[in-house]
Amino acid sequence: MDKKNNGGSALSDYFIKGLVVLIPIAITFSVVKWVLDLTEGVLGKNLPFYFPGLGLVSVLLLIFIVGWFSSHLFWQRIIALGEALLDKIPVVKFIYKSVKQFSAAMFESTGLFKTVVLVPYHQSLTMGFLISDAPAAVNEKLEGEYVCVFVPWSLNMTSGTNLFVKKADVIFVDIKPEDALRFMLTAGAVKPN
């Protein structure tokens with residue numbers, strides 16, 4: 001009877017591991033395919049010429065052009081105006097700001113997620129990113145030196161918790177920030193190298 005349970009358990013483990021491998025691949029493939037189909041379809045209908053891969057070239061070119069425009073003062077003001085308009089739409093505002101802040105932290109060289117730390121959390125330890133010293137007003141109220149630590153929520157790349165932790169309680173961990181983030185977001189399923 002134990003052998004049957006172990007066999008069933010192994011089959012269940014294999015199935016779950018298969019899902020863990022296939023679901024991210026399938027979602028990534030679907031999003032990329034949708035973007036490329038959209039661009040290829042729009043460009044194929046509206047341009048007098050077409051070649052396979054035109055959608056991919058167009059998406060890459062668009063990303064570079066937007067990056068170039070966004071580095072100039074005039075376009076920065078236009079983008080700020082657009083963001084101010086989005087800021088007035090309740091649900092859109094939350095989604096846009098969360099994704100933008102997370103993207104900025106991940107992709108910019110001056111990103112916030114640089115120092116990986118362990119900090120006390122609910123009678124255990126949690127992994128997070130040291131962001132900065134706590135504001136002076138917080139340190140005064142807490143009577144000591146505190147720092148801000150951001151702890152991303154597992155399985156949700158746009159949310160997390162900001163903790164004020166005693167500087168003396170912070171344990172620095174020698175893990176690459178991108179590996180640590182992957183570990184946290186996958187609830188520990190993807191181990192750091």
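1. Asp 179 and Arg 182 form a salt bridge, 2.6 Å from N to O. (A salt bridge puts a side-chain nitrogen of Lys or Arg within 4 Å of a carboxyl oxygen of Asp or Glu.) The two residues are about one helical turn apart, because they sit three residues from each other in helix α6 (residues 177-185). Asp 179 is buried at 9% relative accessible area, while Arg 182 is partly exposed at 41%. (Buried means under 20% relative accessible area, exposed over 50%, partly exposed in between, with a 1.4 Å probe and protein chains only.)

2. This is a predicted model: local features need pLDDT of at least 70, side-chain atom pairs count only at pLDDT 80 or more, and totals for chains, interfaces and linings use all residues. Residues are numbered from 1 along each chain as its sequence is written, and side-chain values use heavy atoms, leaving out hydrogens and water.

3. The salt-bridge count is three. Asp 133, Glu 145 and Lys 167 are linked in a network. Asp 133 pairs with Lys 167, closest N and O atoms 3.5 Å apart. That pair links distant parts of the chain: strand β2 (residues 124-133) and the loop between β4 (160-166) and β5 (171-172). Glu 145 also forms a salt bridge with Lys 167. Glu 145 is exposed at 55%; Lys 167 is partly exposed at 38%.

4. The protein has six helices and five strands. (These are DSSP runs, numbered from the N terminus: helices H or I of at least four residues, strands E of at least two.) Buried residues make up 19% of its 193 residues.
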